[in-house]
Amino acid sequence: MTCQEAPPFISILYDGESVPKEAAEHFASCPACKERLRDYAQMGAELRLLASSEGAPEAMPALPPRGRRWAHTFTARVLVPRFALGLGVLLVAVLSLSLGVMRAQVASLWFQFNVTSPDKLASWGNEVQAGYRGKPAFLMTGPQGKVGAIIEVDEVQYGHVRLSMRARRVEMGPAGQEAHSTPQSVEGTPESDQMVRRMLADSPPQQYEFIPGQVLEIPVEGGGKLQLTGRVLERHAHFWVKEDYPIEPKPDQIVLTEPALVRDQGLLVKGLGSAEAGGDDPYVAVFVPKEGLFGFLLKPMDGAVQAEAEYGQARFRMDGHDYVLFSATPITGGQQPREIWVYRDPNYQPSAPGAISSIGSGGNFRDRIEGTQK
Amino acid sequence: MLDDPEAWNALRGGDTEAFERLYQTHLARLRSFLRRSLGDSKAAEDIAQEAFLQIWQHPNGFNPARGSLKAYLFGIAAKRAADWRRHRRPESPAPPEPPARAGEPPVLIADALQHVDPDTRSLLWLREVEGYSYQELAAMLEIPLGTVKSRLFTGREQLRRIWKGERTSEDV
């Protein structure tokens, strides 16, 4: 070890710590390093002398009582910079607004539901805001039966829906008097509302707890059970899409979601609800009072005209008029545009009184048309 | 004289007499350390009072397992002194070392000390005057043990050079 390498070890040695053997051997034989060690010792002694020569103890100042600082914090006047005050006020405003928005969101939760008839041939769906009663509806379940229903959403909390429902099955008159076999659901016209209310006037509401994801079976007065499915929405979706309706339907599916039918740039019908069908020969039927029944099919049929469907629109010409069918979701799947067919039965008469607009699907369209024509 | 645990329990209980004993025992040394560390008597006085007050107001900050009560007090003061240097004074380089001339008498140790880097000066004082071990210094100042050793060596060399009036290579 050399004198250039030794000084750090001198400092350590001076502090009473052990040093490597090499360093110790060097110090023993190096006058310069010994002098440095003496200097360190002398400096230390000088510093301690310096400290000893300074200030004598003096009286302790009065101590503040403990806790005073906290009390002082809450009671004392303090100076707050303007920007900090402004920031604080802004923060309070934002928090208040956020709280208001949160409360508004909680208050505006919606329940989007779908109800299937006991024979599973008709379905009805809509959205009801928590705390409100939904519009009355009825489901045609065959040539002689229908189920009227009213749903009320009492509360939506923690994702659970507490609801009340009245449902009653009513048999129609003699066969032929209410001649029609198309299962359908009807909602949204004054006539249908009055009809269902009359049906359910003396039917007590039944309360249910619904958890999204489940299929809730609701007994129907007069027989059978409705099947309820649904989900909670944070806001009104403005159009009803059945929970299991495909946004991208398969090539063998036809879906009409809140469709509107326009003829020669004039609106023929809208606000029907939604319907879907799949399988071998699927169709969706739309009844328009005074216009008859329009059947939208994926396969050709005698008397049907060809339409070109492209996603949410289908255009066709029939009886000298240009029609456009609009749907909120693609009408069918597969390569777009693609052909679909439209059949119109201008003499169709629905079984329900009042001749109201409706949409439905299920069964065989040819059988239904032939049934009404008999 | 109370030992540390006893004194600490008394302080936590709000015993003003125990606090006064602590104050009288350590004030002079603490103030001396701060004067040398800061080079400002008024600031040293203020910070010494603040350090004592911190112990009185927040008696739960001390952990007997980590060192003595005195070391805790000096640690508080050292941190406050460092803060004072950072925030209340613009950063300025250390005063230039006094020129060394052959044949002149060595400068006083107090003057020489003021030309040592402030952090190193504090460390040197705590080691030489207050006698804290490497481990205690590392804990008090929250620096690694190796840094304690290297800074002490640097400080001693700096002080020795100034005190003895030795020329450095930069002086030539």
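In the predicted model, buried residues account for 45% of the 374 residues of chain A. Chain A contains seven helices and 21 strands. Among contacts in chain A between residues at least 6 apart, 63% join residues at least 24 apart.

Chain B is built from eight helices and has zero strands. Read along the sequence, its pattern is α-α-α-α-α-α-α-α. Of its 172 residues, 47% are buried. Chain B exposes about 8400 Å², with 51% coming from carbon and sulfur atoms. Among the contacts in chain B with a separation of 6 or more, 66% involve residues 24 or more positions apart.

The largest nonpolar core has 67 residues. Leu30(B), Leu34(B) and Leu159(B) have the most contacts inside this core. Helix H4 of chain B, residues 69-87, gives the most to the core, with 10 residues. Leu34(B) touches Gly39(B), Ala44(B), Ile47(B), Ala48(B), Ala77(B) and Ala81(B), when residues up to four places away in sequence are not counted. A second, separate core has 25 residues. Among them are Phe111(A), Ala149(A), Leu226(A) and Leu228(A).

Nonpolar side chains also occur on the surface. Leu87(A), Leu90(A) and Val94(A) form a nonpolar patch there. Together these residues have about 290 Å² of accessible area. Val94(A) is placed in helix H5 of chain A, which covers residues 82-107. Val94(A) counts as partly exposed because its relative accessibility is 44%, which falls between the limits of 20% and 50%.

The two chains meet in an interface. Here 39 residues of chain B are in contact with 32 residues of chain A. The area buried between the chains is about 3300 Å². Carbon and sulfur atoms give 57% of this buried area. The interface also holds seven salt bridges between chain B and chain A.

Side chains of opposite charge can pair when their charged atoms come close. Over all chains, the count comes to 25 salt bridges. One pair joins two chains, because Lys164(B) lies in helix H8 of chain B (residues 145-164) and Asp39(A) lies in helix H3 of chain A (residues 31-52). The side chains of Lys164(B) and Asp39(A) meet in a salt bridge at 2.8 Å, N to O. The two partners differ in their cover. Lys164(B) is partly exposed, with a relative accessible area of 29%. Asp39(A) has 5% relative accessibility, so this residue counts as buried, the limit being under 20%.

Another salt bridge is formed by the side chains of Arg317(A) and Asp322(A), again at 2.8 Å, N to O. Asp322(A) is partly exposed, at 41% relative accessibility.

In chain B, Arg29(B) forms a salt bridge with Glu130(B). Their closest N and O atoms are 3.2 Å apart. This pair links distant parts of the chain, 101 residues apart. Arg29(B) is in helix H2 of chain B, residues 16-38. Glu130(B) is in the loop between helix H6 (118-128) and helix H7 (134-141) of chain B. Arg29(B) counts as partly exposed, at 36% relative accessibility. Glu130(B) is buried, with a relative accessible area of 9%. Salt bridges that share partners also join Asp15(A), Arg48(A), Arg127(B), Glu128(B) and Arg156(B) into one network.

A loop residue in chain A gives a further example of contact across the sequence. Pro249(A) is found in the loop between strand S10 (225-233) and strand S11 (253-257) of chain A. Pro249(A) counts as buried because its relative accessibility is 7%. With neighbours within four places in sequence left aside, Pro249(A) is in contact with Val255(A), Pro330(A), Ile331(A), Thr332(A), Gly333(A) and Gly334(A). Pro249(A) and Gly334(A) are 85 residues apart in sequence. In space, their C-alpha atoms are 8.1 Å apart.

Notes. Residues numbered from 1 in each chain as written. Chains lettered and ligands numbered in written order. Predicted model: local features only at pLDDT ≥ 70, side-chain atom pairs only at ≥ 80, totals over all residues. Heavy atoms only, no water. Helix = DSSP H or I, 4+ residues; strand = E, 2+ residues; numbered from the N terminus. Buried < 20%, exposed > 50% of the residue type's maximum accessible area, 1.4 Å probe, protein only. Contact = heavy atoms within 4.5 Å. Core = buried A, V, L, I, M, F, W, Y, C linked by side-chain atoms within 4.5 Å. Patch = residues over 30% accessible without salt bridge, like charges linked within 9 Å, V, L, I, M, F, W, Y side chains within 5 Å. Areas by Shrake-Rupley, 256 points an atom, 1.4 Å probe, with all protein chains shown as cover. Salt bridge = Lys/Arg side-chain N within 4 Å of Asp/Glu carboxyl O. Buried area = accessible area lost by both parts, 1.4 Å probe.
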